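User: Here is a structure that is new to me. Please take my questions one at a time.

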Amino acid sequence: MKNSFQQLNKAFDNKVRLGIMSILTVNSRVSFNYLKEALEVTDGNLASHLKALEKEDYIAVNKRFKNRKPNTTYEITPSGSTAFDSHIKALEDILKQL
């Protein structure tokens, strides 16, 4: 079991980041407002977690204008998908060993 704990990714320790990655795993692209409402967090809290995931290259940011208003969307990157899948597998392994 010790090895399974070592396989956990620190980037996903926080519940907001875990939520972001979970949502992006099942949706190809989502807006900032969608994530904010789904996770019930403040703008600043969400922005800091998104920035941390973007820094790790786990998510990609797309900024566009929609009807002259800024529209920011996020999607999971291939490396983010791989890292998150490994994290989930490690969690599953830990639960199976209990």
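User: How far apart are the N and O atoms where the side chains of Asp-93 and Lys-89 meet in a salt bridge?

Analyst: This is a predicted model, in which local features need pLDDT of at least 70, side-chain atom pairs count only at pLDDT 80 or more, and totals for chains, interfaces and linings use all residues. Residues are numbered from 1 along each chain as its sequence is written, and side-chain values use heavy atoms, with hydrogens and water left out. A salt bridge is a side-chain nitrogen of Lys or Arg within 4 Å of a carboxyl oxygen of Asp or Glu. For Asp-93 and Lys-89 the N to O distance is 3.2 Å.

User: In which helix do Asp-93 and Lys-89 both lie?

Analyst: Helices are DSSP runs of H or I with at least four residues, numbered from the N terminus. Asp-93 and Lys-89 are four residues apart, about one turn of the helix, and the helix that holds both is H5.

User: Is Lys-89 buried, partly exposed or exposed?

Analyst: Buried means under 20% relative accessible area, exposed over 50%, and partly exposed in between (1.4 Å probe, protein chains only). Asp-93 has a relative accessible area of 22% and is partly exposed. Lys-89, at 48% relative accessibility, counts as partly exposed.

User: Which residue forms a salt bridge with Asp-13?

Analyst: The closest N and O atoms of this pair are 3.9 Å apart. Asp-13 pairs with Lys-10.

User: How many salt bridges does the count come to?

Analyst: Another one joins the side chains of Arg-29 and Glu-75, at 2.7 Å from N to O. By the rule above, the count comes to four.

Definitions and conventions: Helices (H or I, at least four residues) and strands (E, at least two) are DSSP runs, numbered from the N terminus.
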